[in-house]
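User: I'm new to protein structures and would like to learn how to read one. Could you walk me through it?

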Amino acid sequence: MTNSHAARGIDTSRPHSARMYDYYLGGKDHFEVDKQAAETVATAYPGIFVCARENRAFMHRATRVLAREHGIRQWLDIGTGIPTEPNLHQVAQSVVPDARVVYADNDPLVLKYAERLMRSTPQGRTTYIEADANDPETLLTAPELAEVLDLNRPVALSLNALMHFITDARDPYGIVGRLLDVLPSGSALALSHCTPDFDPQTWEKVTAIYTGAGTPVQFRAQKDVARFFDGLELLDPGIVVGHRWRPEAGQGHTATDEPLTDAQVSLWVGVGIKP
Ligand SMILES: C[S@@+](CC[C@H](N)C(=O)[O-])C[C@H]1O[C@@H](n2cnc3c(N)ncnc32)[C@H](O)[C@@H]1O
């Protein structure tokens, strides 16, 4: 680890989920240790690149649907990841230029690049908060959040590829419930979550690789992902594999034009509205 990384709290001696994800997406903001761990995952599960790409594509579609059809103008995106264009605010502001977005992540490397998340339209506003999803109170009471979001108006809570990093021991359902509690009626939850449902053996290996690298994970079955939406009204088509949620023209295929399989994508996604 270089001194400047250490000074910023960035540990380059161990792989980190945000930087491995950057590698899956073809980004450049990762270190050798992340690349090696990501390649080990890819050996066990070659679909990981498709999974990451489809996860991102779901975020784009869900954001546009919420902006266009459900009047959402504000987002709280937790587990943002290293900025990858288009970022959520760019997608939202392409539909509603005055969209406001609060980003949060607990990886110091995301903080390093947070300036890329601040390039808002003049009409809208964005901010970045370094925060741990395991401590929702600190995030919800952060002054930066209150400066950007009006919690009396609907907010979309965006938890993409985050909750499988929060094991049952950390009360993931309690965390999501607490976050939704403070949001008014008409707010939304958009969530994606990796699953072992289509290929349990492969996902056992993926779980072992992340856990062995110091990142506990819990990939969940569809019924357990559905619990995050308890009390919400699910938008059609419900909780489905990522590429099946309102696909747009030209999506849902591999680079060689084969239809994607559920096992390749291995990601449950859904969007629910708070009544
Ligand atoms: C797989 S990436 C997903 C990035 C982005 N949400 C997306 O779907 O494209 C997961 C992100 O969650 C972040 N993360 C993991 N555990 C977290 C926690 N307890 N609190 C905040 N962020 C967390 C990681 O640092 C990483 O940036």
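Analyst: We'll take a few features in turn, each with the general idea and then the case here. This is a predicted model, so local features need pLDDT of at least 70 and side-chain atom pairs count only at pLDDT 80 or more, while totals for chains, interfaces and linings use all residues. Residues are numbered from 1 along each chain as its sequence is written, and side-chain values use heavy atoms, with hydrogens and water left out.

User: Which residues have the most contacts inside the largest nonpolar core?

Analyst: A nonpolar core is a set of buried Ala, Val, Leu, Ile, Met, Phe, Trp, Tyr and Cys residues joined through side-chain atoms within 4.5 Å. Buried means under 20% relative accessible area, exposed is over 50%, and partly exposed is in between (1.4 Å probe, protein chains only). Here the largest core has 90 residues, and those with the most contacts inside it are Tyr-24, Leu-66, Trp-75, Ile-78, Leu-157, Leu-159 and Leu-189. Helix H4 (residues 48-69) gives the most to this core, with ten residues. Helices (H or I, at least four residues) and strands (E, at least two) are DSSP runs, numbered from the N terminus.

User: What is Leu-159 in contact with, leaving aside its neighbours within four places in sequence?

Analyst: Contact means heavy atoms within 4.5 Å. With those neighbours left aside, Leu-159 is in contact with Ile-78, Val-176, Leu-189, Ala-190, Leu-191 and Ser-192.

User: How many residues of helix H2 are buried?

Analyst: H2 (residues 17-24) is mostly covered, with eight of its eight residues buried. Among them are Arg-19, Asp-22 and Tyr-24. The buried residues of H2 pack against helix H3 (32-44), H4, helix H6 (108-112) and helix H10 (200-212). After H2 comes Gly-26, whose phi is positive, near 85°.

User: Is Arg-61 buried or exposed?

Analyst: Arg-61 lies in helix H4, and it counts as buried because its relative accessibility is 1%. Not counting residues up to four places away in sequence, Arg-61 touches Gly-242, His-243, Trp-245, Arg-246, Pro-247, Glu-248 and Gln-251.

User: Which residues come nearest to the ligand?

Analyst: A residue is near a molecule or strand if one of its heavy atoms lies within 4 Å of it. There are 20 residues around the ligand, and Tyr-21, Asn-55, Arg-56, Gly-79 and Asp-105 come nearest. Next, look for polar contacts (pairs of N or O atoms within 3.5 Å; within protein, one must be able to donate a hydrogen and the other to accept it, and residues adjacent in sequence count only if both atoms are side-chain atoms). A backbone N or O atom of Gly-79 lies 2.6 Å from a nitrogen atom of the ligand. Asn-106 has a side-chain N or O atom 3.4 Å from a ligand nitrogen atom. The protein covers 96% of the 600 Å² of accessible area that the ligand has on its own; such areas come from the Shrake-Rupley method with a 1.4 Å probe, and for residues only the protein chains shown count as cover.

User: Where is Ser-266 found?

Analyst: Ser-266 sits in the loop between helix H12 (262-265) and strand E8 (267-273). At 0% relative accessibility, Ser-266 counts as buried. Its side chain reaches the backbone oxygen of Ala-263 at 2.6 Å.
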